[in-house]
Amino acid sequence: MRILPLAVLATAILGLSGCTWVHMAPGASAVRVASTAPANCEKRGEISVSVADKVALVYERNDLRVREELETLARNEAPGIGADTISPLAPPANGDQQFAAWRCGN
């Protein structure tokens, strides 16, 4: 009878791994994502974001999904500091990432 609880747990973990937990905030869709620091823009600050990169400390989430969620979180924060563009300062590590925030007048 132990197999049933393990099967339920495995199904739950796999189901959660496909979920997107982060949704775009109003105004964030207008924030542009640049791969490098844009030219002729005013730096508005830095944004640090993090998401869970593991489920139940056992199952590692899809790397692309984690990256998308980190980018969405950074885009959500940008309008609050007057930025219309973000650029990553480094690749994600353990579910954390930092972005530079810019006002480019887009």
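**The whole chain**

Begin with everything shown as a cartoon, and keep in mind throughout that this is a predicted model. Of the 106 residues in the protein, 30% are buried. When contacts between residues at least 6 apart in sequence are considered, 67% of them join residues at least 24 apart.

**The largest nonpolar core**

Next, select Ile47, Val49, Ala74, Ala78 and Ile86, which are the members that touch the most other members of the largest nonpolar core, a group of 13 residues. To see where this core comes from, colour β2 (42-50), α2 and β6 (96-103), each of which supplies at least two of its residues. The largest share, three residues, is supplied by α2.

Stay with Val49 for a moment and display its surroundings: leaving aside residues up to four places away in sequence, Val49 touches Leu70, Leu73, Ala74, Gly95, Asp96, Gln97 and Phe99.

**Ser87**

Now move to Ser87, which you will find in strand β5, spanning residues 85-88. Is Ser87 buried or exposed? Its relative accessible area is 2%, and because the limit for a buried residue is under 20%, Ser87 is counted as buried. Show side chains here, and look for the polar contact of 3.0 Å that joins the side chain of Ser87 to that of Trp102. Trp102 is also one of the residues that Ser87 touches beyond four places away in sequence, the others being Ala34, Thr36, Ala37, Pro38, Phe99 and Ala100.

**Arg61**

For the last stop, select Arg61, which sits in the loop between β4 (59-60) and α2 (63-77). Although it is placed in a loop, Arg61 has a relative accessibility of 5% and therefore counts as buried. Which residue does the side chain of Arg61 reach with a polar contact? Display Glu69 as well, and you will see that the two side chains make this contact at 2.8 Å.

Terms used:
Residues numbered from 1 in each chain as written. Predicted model: local features only at pLDDT ≥ 70, side-chain atom pairs only at ≥ 80, totals over all residues. Heavy atoms only, no water. Helix = DSSP H or I, 4+ residues; strand = E, 2+ residues; numbered from the N terminus. Buried < 20%, exposed > 50% of the residue type's maximum accessible area, 1.4 Å probe, protein only. Polar contact = N/O pair within 3.5 Å; in protein donor to acceptor, adjacent residues only side chain to side chain. Contact = heavy atoms within 4.5 Å. Core = buried A, V, L, I, M, F, W, Y, C linked by side-chain atoms within 4.5 Å.
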